[in-house]
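Colleague: Can you walk me through this one? I have the sequence and the model open.

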Amino acid sequence: MKQAPKHPVRLERQGNVALIVIENPPVNALGVAVRRGIAAALNAALAQEGTHAIVIAANGRTFPAGADIREFDMAPQEPSLTQLCSLVENSPKPVVAAVHGTALGGGLELAMAAHYRVAAKGARMGLPEIKLGILPGAGGTQRLPRLVGPELALDMILTGNQVSAGIAAEMGLVDHVADTDLREEAVAYARSVTEPRQTGANREHLRDGAAYMASVNARRAQVKMELGANALAPLKIVNCVEAALLLPLEAGLDVERAACEECMDSRESAGLRHAFFAERAASKFPEAADAKPAQVDRVAIVGGGLMGSGIAIAALQSGFAVTLVEQGESGVNAALERIGAYYERSVAKGRLSEAQGAAALTHLQLTNKLDTLSEADLIIEAVAEDLELKTQLLAEISALAKPEAVIATNTSYLDLDILAQATGRPTDTIGLHFFAPAEVNKLVEIGVHDAASPQAVMTGLGFAKHLGKVPVRARVHAGFGSGYIGNAILEAYRHAADIMLEDGATPSQIDGAMRSFGFRMGPYQVADMSGLDIAYARRQSKPRDPDARYVEIADKMVEQGWLGQKSGRGYYIYAEGQRQGVPNGDVLKLIAEHRAQKGITPRKFSDRDIRDRILLAMVNAGARLLGEGVAARPSDIDVVMVHGFGYPRSRGGPMMDADATTPAIIASRLSVLAPEEPKLWSAAPVLSMLAHERQKFEDLNTS
Ligand code: 3HC
């Protein structure tokens with residue numbers, strides 16, 4: 001854990017204005033040292049003779065981006081943020097917050113406790129606590145409704161969305177938007193005000209109690225309808241905003257604090273906080289950290305299918321110049337149609353203006369000429385999963401690419417080592433495994449094979465970060481296939497599900513059990529959506545493991561032409577244009593016949609059995625990946641499962657869940673199942689080691 005600087009707050013002076021300057025990189029989080037520093041500086045400023053007003057500002061990239069989340073699991077230390085905010089609000093001299101960057105959570109709460117707010121033009125403000133499963137715990141639910149009214153306050157607190165300085169000024173959250181020099185304008189503003197103006201005493205939005213209560217009640221009903229009656233943080237937020245009307249500030253703050261503490265103790269919040277830090281840890285590749293990534297201005301993508309077009313859109317949206325190479329005129333036209341349709345949808349939905357859509361497209365060069373690749377700094381091959389096609393194409397790409405270009409393949413399951421060798425410049429070649437739809441899904445696995453240079457790896461990482469993606473490293477060893485984290489876990493997960501299907505469960509029962517765990521879709525709904533032929537082709541392309549139990553049900557379905565949504569029939573039957581299906585009775589018949597052929601007497605699985613087995617399979621596969629060095633940290637596996645496969649974010653991920661159960665219990669459950677299918681259920685060595693040492697997966701996490 002990073003140590004806060006010893007003196008993260010300084011007191012400066014500009015004539016009759018005292019300037020409290022926070023400097024606690026990287027985001028000026030309001031840890032205990034900062035809180036104490038601000039309190040001490042405020043008291044010192046008030047004690048100084050001639051102080052007319054006080055400005056609270058921050059150095060570095062942002063006004064405080066919140067409380068220090070790392071302190072949440074520690075014993076509370078005074079002053080709490082609530083106490084600090086009260087100290088600021090009760091200052092007998094006017095206090096002005098000078099806001100830049102992203103004033104979030106506790107940072108915005110501190111700014112709202114100040115008497116006036118001056119914001120830099122580019123500043124953004126928000127209360128994102130809900131994304132951590134908690135609620136603003138330092139007055140946010142009490143002061144924001146007093147400043148902007150219940151409607152806008154509930155919008156901000158329930159969504160966690162940020163608002164720009166301009167919008168904040170229109171809402172009444174900001175008093176002045178600084179056009180030029182924030183610090184100077186804030187000091188000038190401080191000189192111009194004559195007295196404190198306590199947010200807690202602002203009754204402007206509390207006067208019409210009936211309208212206020214109508215807003216609160218409508219929002220409560222909406223939350224219950226959308227999220228259920230047990231949605232902890234959202235309902236507590238509504239209650240706290242209600243308390244802002246009904247109670248004096250101090251009592252409202254007490255209600256808020258108790259609600260925040262209850263949320264903080266919830267499993268949901270623990271999971272969301274784990275996910276927050278896991279995402280940030282995943283994008284750290286310490287072994288390559290010293291390498292300098294190549295400058296990427298132009299990205300070329302070869303293959304304009306769904307994946308290639310999605311990557312192109314993601315790159316265009318992040319300001320890259322993009323070359324997309326497709327075959328022939330029809331290939332070019334199809335890709336253009338796909339990308340054009342995306343921009344049309346975005347404009348229609350108001351996500352982009354027409355001008356923005358048109359501007360993005362001016363950076364796209366769509367062509368059928370491979371020799372255009374010579375201008376690209378990064379070339380991503382995104383054609384169909386066919387080893388021969390890819391090896392041939394990668395050799396061609398390599399011959400045309402400039403010597404310093406980095407080459408990436410978007411293969412999902414082919415052997416990355418073979419593909420890298422095919423380029424003849426394996427050091428410059430990496431895997432960039434995007435997840436569909438690539439323009440939306442945040443996950444990118446960075447495939448690192450033995451010969452890849454740190455520079456190529458860091459270039460891929462930098463590119464993915466620039467796209468706003470969540471990159472996770474997957475280390476691939478020769479002969480292990482693509483070795484990606486997500487695929488390996490998915491395979492184990494599907495294998496566990498297929499065995500239960502063969503032994504007595506139904507597709508809809510398995511899907512329902514996983515949905516009740518928190519997945520948006522169960523494995524057979526996903527299979528129908530992805531197309532059964534895709535997984536079929538993958539199975540056919542690999543030699544069968546003679547020691548593993550093979551379940552032929554999906555193969556038999558493909559042989560019947562039941563490919564899922566695309567053929568209107570898979571595990572479910574889909575009416576024309578529908579994505580929701582009803583169970584396919586013919587599949588149930590096929591499964592029954594299949595069991596009879598194999599002499600299997602069906603048995604019952606409870607939903608709990610189903611969930612347990614699938615989770616055990618995921619965790620064991622994750623432990624195997626850690627042992628093989630494919631995954632660097634348990635938390636990386638959690639990130640992949642949350643972003644790539646819909647594992648409920650509020651649970652943190654399978655490895656965090658495993659820690660909650662404890663590896664020792666997981667290992668003992670596996671030992672019960674092992675005789676059934678040793679290949680799947682024999683505990684991975686890392687899991688056995690943790691069980692033996694009474695350790696947890698989190699003990700293996702590195703920064
Ligand atoms: N506490 C502790 N560390 C934090 C932090 C916080 N509130 N916010 C960010 N960090 C750390 C990150 O973990 C990361 O650390 P690392 O370098 O060791 O990995 C570092 O700061 C930089 O963060 P990012 O990589 O996310 O940097 P970006 O520039 O991409 O994003 C940001 C900056 C928009 C501020 C983003 O970090 C963010 O959204 N932070 C969380 C904001 C938040 O949730 N605030 C509310 C906290 S809860 C609260 O305030 C409770 C209060 O109501 C009582």
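Colleague: Which residues have the most contacts inside the largest nonpolar core?
Modeller: Val-55, Val-96, Ala-186, Ile-379 and Ile-485, in a core of 219 residues. A nonpolar core here is a set of buried Ala, Val, Leu, Ile, Met, Phe, Trp, Tyr and Cys residues joined through C-beta atoms within 7 Å. Buried means that 20 or more other C-beta atoms, placed from the backbone, lie within 10 Å of a residue's own.

Colleague: Which helix gives the most to this core?
Modeller: Helix α24, residues 607-628, with 11 residues. Helices are DSSP runs of H or I with at least four residues, and strands are E runs of at least two, numbered from the N terminus.

Colleague: How should I read the numbering and the model?
Modeller: Residues count from 1 along each chain as its sequence is written. The model is predicted: local features need pLDDT of at least 70, side-chain atom pairs count only at pLDDT 80 or more, and totals for chains, interfaces and linings use all residues.

Colleague: Back to Ile-485. What is Ile-485 in contact with?
Modeller: Leaving aside neighbours within four places in sequence, its contacts include Glu-445, Val-472, Leu-625 and Val-640. Contact means C-beta atoms, placed from the backbone, within 7 Å.

Colleague: New topic. In what order do the 6 strands of the open sheet come?
Modeller: β1-β2-β3-β4-β6-β9, with mixed pairing. Two strands pair if DSSP finds at least two bridges between them.

Colleague: Which are the edge strands?
Modeller: β1 (9-14) and β9 (176-178), each pairing on one side only.

Colleague: How many bridges join β1 to β2?
Modeller: 6, and the two strands run antiparallel. Gln-14 has Val-17 in β2 as its bridge partner.

Conventions. Buried ≥ 20, exposed ≤ 12 C-beta atoms within 10 Å, placed from the backbone. Contact = placed C-beta atoms within 7 Å.
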